[in-house]
2 protein chains.
Amino acid sequence: MPRPGRIGEFELIHRYFAPLARDFAGAGGLKSDNAFLPADPRHDLVVKTDTIVSGVHFLADEKPGVVAAKALRVCLSDLAAGGGVPYAYQLSLSLDRGWSERWVAAFARGLAADQRRYGIALSGGDTVVSPGPLTITITAFGRVARGKGLGRGGAKAGDELWVTGTIGDGALGLLVAQGKLEGPALEKRYRLPQPRTTLGPKLVGIAAATADVSDGLLADAGHIAEASRLAVHIERDHVPLSVAARRVIAADASLWASVLGGGDDYELVIAVPPSRRTRLLAAARDTGVKATHIGQFFRGQGVQLTIDGVPARATRKGYVHFF
Amino acid sequence: MPRPGRIGEFELIHRYFAPLARDFAGAGGLKSDNAFLPADPRHDLVVKTDTIVSGVHFLADEKPGVVAAKALRVCLSDLAAGGGVPYAYQLSLSLDRGWSERWVAAFARGLAADQRRYGIALSGGDTVVSPGPLTITITAFGRVARGKGLGRGGAKAGDELWVTGTIGDGALGLLVAQGKLEGPALEKRYRLPQPRTTLGPKLVGIAAATADVSDGLLADAGHIAEASRLAVHIERDHVPLSVAARRVIAADASLWASVLGGGDDYELVIAVPPSRRTRLLAAARDTGVKATHIGQFFRGQGVQLTIDGVPARATRKGYVHFF
């Protein structure tokens with residue numbers, strides 16, 4: 001929660017960092033998840049930097065292999081949203097003073113396993129020891145056809161809003177990990193994101209705009225709407241839930257707030273023109289990913305939520321990583 | 001100082017991270033300062049990641065604009081060693097819990113000033129708040145002619161060892177900042193590196209191998225020797241000193257250890273075939289940089305130091321960032 005007198009991450013970026021990126025076309029005004037850098041004649045590099053801090057973005061007692069996977073996968077999720085095929089990554093590892101070689105070895109094994117899984121390689125990095133908590137920054141590079149990278153800003157009024165997989169498991173899984181809820185499947189989902197790396201590159205030429213669900217469904221759909229200068233409508237009862245999520249919500253409907261407002265799903269939200277719906281469904285089927293139509297973009301601004309057709313109050317505030 | 005039972009940064013990289021980079025040609029086995037990624041048809045991207053932590057790599061009460069400059073410039077120094085022209089950078093800012101908007105505004109102004117100075121732009125990044133100290137990771141991109149990037153591994157027996165500017169001011173400046181020594185010019189040099197960004201790109205086609213002096217002259221010359229599978233000889237009395245450094249050493253000769261073993265000079269050490277010495281001097285003159293011949297590479301291994309021609313004991317240990 002923002003403290004009084006403090007501004008949030010997006011406002012901080014808008015005020016202080018977006019001006020620094022004004023002259024760099026590939027930065028897109030820092031409004032999308034990714035930066036795009038020209039690569040070889042036929043490709044751009046999709047570039048994403050993400051920092052995770054022990055005790056903030058993952059549990060302080062998390063296993064090193066899981067930390068490694070999480071650090072890499074949160075970036076791969078953004079690359080997928082950008083349409084990028086994983087390529088290489090830079091790793092900054094800031095170890096806490098109690099680090100052990102055993103921990104680093106297990107962390108490196110986790111990275112190696114994910115490198116094989118996602119076809120990505122370490123290109124360089126830095127290692128330091130800090131008095132603070134374990135902090136990992138990864139800058140990941142993907143490849144996408146020149147000029148074809150996907151961002152948040154391309155949706156048009158009339159485009160449909162689709163989402164992959166199921167929503168809410170990440171936020172509910174955090175509650176499980178904190179002992180506030182029961183559901184091992186949810187907890188696993190929180191701890192170990194499954195980025196949509198196979199579907200993402202296939203969305204090039206199909207999606208008008210994309211984002212990954214890291215801040216929360218309402219927030220991330222709202223980011224697309226805002227970057228596209230549109231409003232977006234979401235019907236809550238169309239939002240796809242896992243069996244486990246459905247069960248806990250049946251017992252406590254107030255958990256909908258976590259489902260819609262929480263983050264860490266690492267699914268994709270996708271703006272698609274109705275004329276390309278069939279191609280979206282084919283791409284989803286080919287990659288074994290469920291895709292669900294949950295709403296629509298229209299002229300205006302903001303996020304409008306309905307519950308079984310009845311307007312509900314929606315705020316785009318969710319689980320805000322930043323504070 | 002490494003603690004008992006702990007391994008150092010280089011060993012950690014060698015054991016655990018170099019295997020992760022084995023299949024990525026541009027990583028060079030993590031033996032050089034930089035990674036190289038194919039960019040447009042005529043260029044590679046030179047990529048460097050560096051992390052600096054408050055109270056470890058810069059003084060905890062340092063001015064925000066100076067912190068910004070240091071974070072960026074330590075990377076630019078590596079890009080210069082790689083022959084890269086500054087192009088863009090990703091910024092990860094991990095703020096401590098006491099952060100203020102005023103601090104961030106001043107930090108951003110510092111970045112803006114250096115962007116103009118070095119012709120580089122922000123391409124993207126991440127901002128988080130952490131319970132730990134302020135930590136900044138920059139991944140900087142430079143551009144170099146395709147396949148022409150400079151690394152540590154290209155020196156041949158008989159190549160000369162040259163160094164730019166003056167050596168030791170960084171380490172002596174740290175002692176000044178810590179109140180152990182007097183010398184405002186030295187302190188400024190420690191706080192605000194002056195990377196050799198104009199000379200670096202001109203070394204392409206001239207230098208056989210390069211590194212920047214960040215770990216210390218003996219260590220960094222040793223890195224070139226090791227990567228090139230050679231030994232290197234350095235004559236201490238040829239090492240160029242600033243007027244301020246000469247003055248403090250005249251008063252206390254034991255400070256030579258800091259000059260040779262300390263880091264943070266952000267000069268370049270360069271291996272040059274004798275046949276290209278004239279071209280090196282011309283490039284140095286054209287960019288207003290002093291270049292000094294301080295030693296030679298030869299068959300064997302290790303770093304050999306002489307003092308006025310008399311062999312001295314040299315260890316490559318210097319100020320080791322890592323611990």
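Colleague: How many of the 18 residues of α2(B) are buried?
Modeller: This is a predicted model, in which local features need pLDDT of at least 70, side-chain atom pairs count only at pLDDT 80 or more, and totals for chains, interfaces and linings use all residues. A residue is buried if 20 or more other C-beta atoms lie within 10 Å of its own, exposed if 12 or fewer, and partly exposed in between, with C-beta atoms placed from the backbone. By that test α2(B) is mostly covered. The count of buried residues is 15.

Colleague: Which residue just after α2(B) takes a positive phi?
Modeller: Look just past the end of the helix. The phi there is about 85°, and the residue is B:G83.

Colleague: Why does B:S77 count as buried?
Modeller: B:S77 sits in helix α2 of chain B. Leaving aside neighbours within four places in sequence, B:S77 is in contact (C-beta atoms, placed from the backbone, within 7 Å) with B:P193, B:P195, B:D212, B:S214 and B:Y266. B:S77 counts as buried because its C-beta neighbours inside 10 Å number 29.

Colleague: Is A:Y266 buried or exposed?
Modeller: A:Y266 is in the loop between α9 (256-261) and β9 (268-272) of chain A. Its phi is near 55°, positive in a residue other than glycine. A:Y266 has 26 C-beta neighbours inside 10 Å, so it counts as buried.

Colleague: And is B:R229 buried or exposed?
Modeller: B:R229 is placed in the loop between α7 (217-227) and β8 (231-235) of chain B. Its phi is positive, near 55°, and it is not a glycine. B:R229 has 12 C-beta neighbours inside 10 Å, so it counts as exposed.

Colleague: How many residues of α7(A) are buried?
Modeller: α7(A) has eleven residues, 217-227, and is mostly covered. Among the buried ones are A:L217, A:D220, A:H223 and A:I224. The helix is followed by A:R229, with a positive phi near 55°. The buried count is nine.

Colleague: Which element gives the most to the side of chain A that touches chain B?
Modeller: The contact takes 59 residues from chain A and 59 from chain B. Elements giving two or more residues on the chain A side include α1 (9-17), β3 (85-96), α3 (101-118) and β4 (121-130). With ten residues, the top contributor is β4(A).

Colleague: Which element gives the largest share of the side of domain 1 of chain A that touches domain 2 of chain A?
Modeller: An automatic or database assignment divides chain A into domain 1 (31-145) and domain 2 (160-312). Their C-alpha centres lie 23 Å apart. The contact takes 23 residues from domain 1 of chain A and 19 from domain 2 of chain A. Eleven residues on the domain 1 side come from α2(A).

Colleague: What is the mean pLDDT of chain A?
Modeller: pLDDT is the predictor's confidence in each residue, from 0 to 100. The model scores ipTM 0.87 and pTM 0.89. In chain A, 95% of the residues reach 70 or more, and the mean is 90.

Colleague: How many contacts beyond four places in sequence does the model have for residues 1-5 of chain A?
Modeller: Where pLDDT is low, the predicted coordinates should not be read in detail. Over residues 1-5 of chain A, pLDDT stays under 50. The contact count there is three.

Terms used:
Residues are numbered from 1 along each chain as its sequence is written. Chains are lettered from A and ligands numbered from 1 in the order in which they are written. Helices (H or I, at least four residues) and strands (E, at least two) are DSSP runs, numbered from the N terminus. Two residues are in contact if their C-beta atoms, placed from the backbone, lie within 7 Å.
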